[in-house]
Amino acid sequence: MAPRVLISDSLSPTAVQIFKDRGLEVDYQPNLGKDKDKLAEIIGNYDGLAIRSATKVTAKLLEKAPRLKVVGRAGIGVDNVDIPAATARGVIVMNTPFGNSITTAEHAVALMFATARDIPAADASTQAGKWEKNRFMGVEITGKTLGIIGCGNIGSIVADRGIGLRMRVIAFDPFLTPERAVELGVEKVDLDELLRRADFITLHTPLTDKTRNILSAENIAKTKKGVRIINCARGGLVDEAALRAALDSGHVAGAGFDVFVEEPASANPLFGHPNVVCTPHLGASTTEAQENVALQVAEQMSDYLTKGAVQNALNMPSISAEEAPKLTPFVKLAELLGSFAGQLTETGLVGVRLEYEGEVAKMNTRALTAAALAGLMKPLMDSVNMVSAPAVAKDRGIAIEEVRRDDQRTFDSLLRLTIKTERQERAVAGTVFSDGKPRIVEIKGIQMDAEFQPSMLYVTNKDKPGFIGNLGTVLGKAEINIATFAVGRTAPGEDAIALIGVDGVPGDDVIAAVGKLPNVLQVKPLRF
Ligand SMILES: NC(=O)C1=CN([C@@H]2O[C@H](COP(=O)(O)OP(=O)(O)OC[C@H]3O[C@@H](n4cnc5c(N)ncnc54)[C@H](O)[C@@H]3O)[C@@H](O)[C@H]2O)C=CC1
Ligand SMILES: O=C(O)C(=O)COP(=O)(O)O
């Protein structure tokens with residue numbers, strides 16, 4: 001069945017076309033994001049959800065979405081998506097980090113001009129036939145100091161435009177390196193200095209617990225008298241009531257706001273002030289930006305749903321469309337090795353080591369580790385997958401170690417998974433043969449060559465004559481057909497392991513009978 005995608009916010013028709021061209025079923029319901037009950041009613045039917053800022057992807061919505069594999073944000077900010085909840089449910093969240101950045105930077109510049117020259121109020125007055133030439137006295141931008149809070153993709157474009165306008169640009173961003181500041185031609189300052197010096201302040205950070213109210217009443221009080229404040233990033237970065245008070249007192253000369261604490265904003269503390277210019281979250285609204293983000297989100301989501309490629313995900317390592325076909329059999333191998341180890345683990349897991357040798361060491365090992373962890377934890381938690389597994393392992397305090405060795409030994413590629421429990425360490429290794437099939441090639445240091453079968457028996461025994469015959473008799477009596485049989489041992493007469501693929505699932509009585517055979521130490525049924 002073709003994957004089904006729901007688009008719940010307004011998106012360019014390009015997105016719909018791309019989904020269709022890629023063989024996906026797509027439902028375009030641009031107003032659904034505003035109707036959370038209706039969205040919750042139907043979300044269970046979809047594998048993908050494409051959104052902008054109107055749709056809120058909450059933990060509650062995700063509970064109603066058992067089929068959902070990916071949320072694609074046609075834009076940048078993902079504060080409307082509960083990423084930890086999505087991760088816990090194994091849902092990838094991806095955005096389009098560059099598609100609308102120029103457009104949004106231009107909107108910030110537009111609001112800067114609008115506040116500097118009172119353009120909206122002057123327009124309203126002129127069209128009302130008033131010709132109030134003396135009412136609107138603006139300020140020049142040339143030579144003024146522009147303070148950028150958050151100098152990432154959008155902030156850097158605003159900096160470039162500011163420099164082009166002959167402004168002096170200063171920036172506060174803890175992650176801006178001195179080298180990058182030089183490259184951009186901005187002066188890196190701390191927040192207090194920015195507040196003290198800037199004639200125009202523009203915000204370009206995401207909304208996080210650290211940035212919420214970054215322009216608090218206290219910080220607004222530290223700004224230069226006559227400052228103008230632009231917010232094209234997120235409502236919540238500025239304390240709106242405190243800003244209104246500072247506008248009323250005349251300390252702040254103007255504010256240009258595109259985003260608000262509550263959206264859609266129908267009443268807001270800033271509304272009605274003569275020096276405030278507002279737009280309804282239009283930062284990304286140009287034909288160019290909307291084409292970019294629609295195209296990109298549809299391609300990324302289609303690539304994931306049809307090929308397993310992961311790009312611009314916020315909760316999963318990237319897997320390019322080119323590497324996905326090569327990586328897929330190793331993802332399967334990693335999952336199966338994890339599952340093998342997980343099914344044999346009875347005591348608390350404390351650590352996991354993944355060793356990648358040969359060709360596989362050059363691949364995307366983060367994705368493979370995630371797959372191995374998913375396989376490992378699946379017996380404990382059915383819903384876990386590659387997306388959620390690393391976070392689940394972290395939550396449980398399981399230490400994860402990755403070792404990569406480029407040199408190849410017996411196999412072109414070898415992946416060894418060692419799990420450490422409270423009692424012991426157990427290692428299992430595998431490879432992918434040229435037929436693309438994953439194989440187990442080593443268990444607890446014992447060499448073997450076993451294919452994975454849906455139903456298997458894992459038996460440890462003493463290497464003594466008669467074991468294989470006895471086992472065949474027990475299974476034969478129970479009418480269980482042996483599909484594959486692999487054995488290995490440390491040395492003749494010593495510890496041995498048998499891995500037997502069987503048709504059908506042996507019952508408890510059969511397992512018990514095998515366990516009672518002479519020289520058998522342990523027997524365990526496995527499912528793959
Ligand atoms: N109004 C609109 O329609 C649009 C709004 N946006 C908003 O713009 C925001 C920024 O977008 P990009 O520049 O693409 O993101 P980005 O991730 O490239 O840049 C964000 C910058 O903020 C910095 N930062 C993080 N915490 C900080 C802190 N506590 N203090 C100072 N700086 C901090 C980061 O180091 C980074 O350099 C988005 O998160 C989104 O919320 C984006 C697109 C359209
Ligand atoms: O990309 C972003 O972060 C935006 O805020 C754009 O929002 P929108 O897609 O226009 O609802």
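Select ligand 1 and the residues around it: the shell holds 31 residues, the closest being Gly 77, Gly 150, Gly 152, Pro 206 and Gly 283. A residue belongs to such a shell if its C-beta atom, placed from the backbone, lies within 6 Å of the molecule. Helix 5 (101–117) and helix 7 (153–164) are the elements that give two or more residues to this shell, and helix 7 supplies the largest share, three residues. Helices are DSSP runs of H or I with at least four residues, numbered from the N terminus.

The model is predicted: local features need pLDDT of at least 70 and side-chain atom pairs count only at pLDDT 80 or more, while totals for chains, interfaces and linings use all residues. Residues are numbered from 1 along each chain as its sequence is written, and chains are lettered from A and ligands numbered from 1 in the order in which they are written.

Next, colour the chain by domain. The assignment, which is automatic or from a database, gives domain 1 (4–99 + 289–307), domain 2 (101–278), domain 3 (317–452) and domain 4 (454–528). Ligand 1 lies between domain 1 and domain 2 because both give residues to its shell. The centres of domain 2 and domain 4, taken over C-alpha atoms, are 73 Å apart.

Now select ligand 2. Around ligand 2 are Arg 52, Ser 53, Gly 75, Ile 76, Gly 77, Asn 100, His 281, Gly 283, Ala 284 and Ser 285.

Move to helix 12, residues 287–307. Its 21 residues reach 29 Å from first C-alpha to last, close to the 30 Å expected at 1.5 Å a residue; the expected span is 1.5 Å times one less than the number of residues. Of these 21 residues, 15 are buried, that is, 20 or more other C-beta atoms lie within 10 Å of their own, against 12 or fewer for exposed and in between for partly exposed.

Then pick Leu 415. In the largest nonpolar core, which has 100 residues, Ala 50, Leu 337 and Leu 415 touch the most other members. A second, separate core has 51 residues, including Ile 148, Ile 157, Leu 194 and Ile 230. A nonpolar core is a set of buried Ala, Val, Leu, Ile, Met, Phe, Trp, Tyr and Cys residues joined through C-beta atoms within 7 Å.

Finish at Leu 62, in helix 3 (residues 59–63). Leu 62 counts as buried because it has 22 C-beta neighbours inside 10 Å.
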